[in-house]
Amino acid sequence: MSEMVLDKQFFADSLAKMAELAEVNRDYWTKLDSDIGDGDHGINLSIGFRAVNANLQDNLEKAPDISTLLKKSGMLLLSKVGGASGPLYGSFFIKMGKEDTGKETVTFPEFAGMLKNGVEAVQLRGKAELQDKTMIDALLPGIEYLEAHKNDEDAIAVMEETVAIMKQGAESTIPLVAKKGRAMRLGERAVGHKDPGSESSWMLMNIFLEEMKKIE
Ligand code: ADP
Ligand code: MG
């Protein structure tokens, strides 16, 4: 088992980097959404993560544990973002902290469990299955791999493969017809376009990997 320890600062740093990512990719994610949606995915995430970032220092100081920090951040995404992705990503971060309350540090297997809970919350809320052309197509296969390998020795390698699988999952949405979300209305016309939420989700999970690399 990996000896990596993830503390509250790791989660705060990750959230700050996610906010940077959302600024940098605002136009890119919006472009993907203008192809098969209403062209606001990048705008939605930048609004949400700006709120997370603006409150981060305060939340970090006030939150007694990792769980509370994630919950407060998730609540901001949920309340500040108008689109479907706000409640979905909001639930993701809120539910990441549901089991590990009271902890100031978590192990890698615990972190893996938190991500699993996050993805389950997205599924519970959005009711999307694999191949519905949503963020679930990226998140679910990655989390299955992570769950099976969370006790491996090399946490970075496991997380690298997890993110790689999520990235492939985003690619896998290109030939699909959407069965959930706005793109559903396009029918066959959605074929040939990548789902915006599948792209933003693997890119956001990649931030956790990047921050893990700074620890070792
Ligand atoms: P909206 O669709 O309300 O404009 P966004 O553009 O911010 O919201 O987000 C769209 C993304 O949300 C989609 O690309 C898809 O990945 C994700 N999404 C939409 N509906 C669902 C759902 N039911 N389950 C999972 N993900 C969904
Ligand atoms: Mg949209």
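Biologist: What are the ground rules?
Modeller: The model is predicted: local features need pLDDT of at least 70, side-chain atom pairs count only at pLDDT 80 or more, and totals for chains, interfaces and linings use all residues. Residues are numbered from 1 along each chain, chains are lettered from A and ligands numbered from 1 as written, and side-chain values use heavy atoms, without hydrogens and water.

Biologist: How much space lies in the largest pocket?
Modeller: About 500 Å³. A pocket is an open set of points on a 1 Å grid over the protein atoms alone, where a 1.4 Å probe fits, with protein on both sides within 12 Å along at least five of seven lines. The volume is the space filled by probe spheres set on the points.

Biologist: Which residues lie nearest its centre?
Modeller: Ala 84, Ser 85, Leu 88, Gly 181 and Arg 182, out of 25 lining residues; lining means an atom within 4 Å of a point.

Biologist: Now ligand 1. Which residues are closest?
Modeller: Asn 44, Ala 84, Ser 85, Gly 126 and Asp 195, among 20 surrounding residues, each with a heavy atom within 4 Å.

Biologist: Which polar side-chain atoms lie by its oxygens?
Modeller: One of Asp 195 at 2.5 Å and one of Arg 182 at 3.0 Å. For His 41, a side-chain N or O is 2.9 Å from a ligand 1 oxygen.

Biologist: Switching to α10. Why is it largely enclosed?
Modeller: Because 16 of its 20 residues are buried, meaning under 20% relative accessible area with a 1.4 Å probe, protein chains only.

Notes: Buried < 20%, exposed > 50% of the residue type's maximum accessible area, 1.4 Å probe, protein only. Helix = DSSP H or I, 4+ residues; strand = E, 2+ residues; numbered from the N terminus. Polar contact = N/O pair within 3.5 Å; in protein donor to acceptor, adjacent residues only side chain to side chain.
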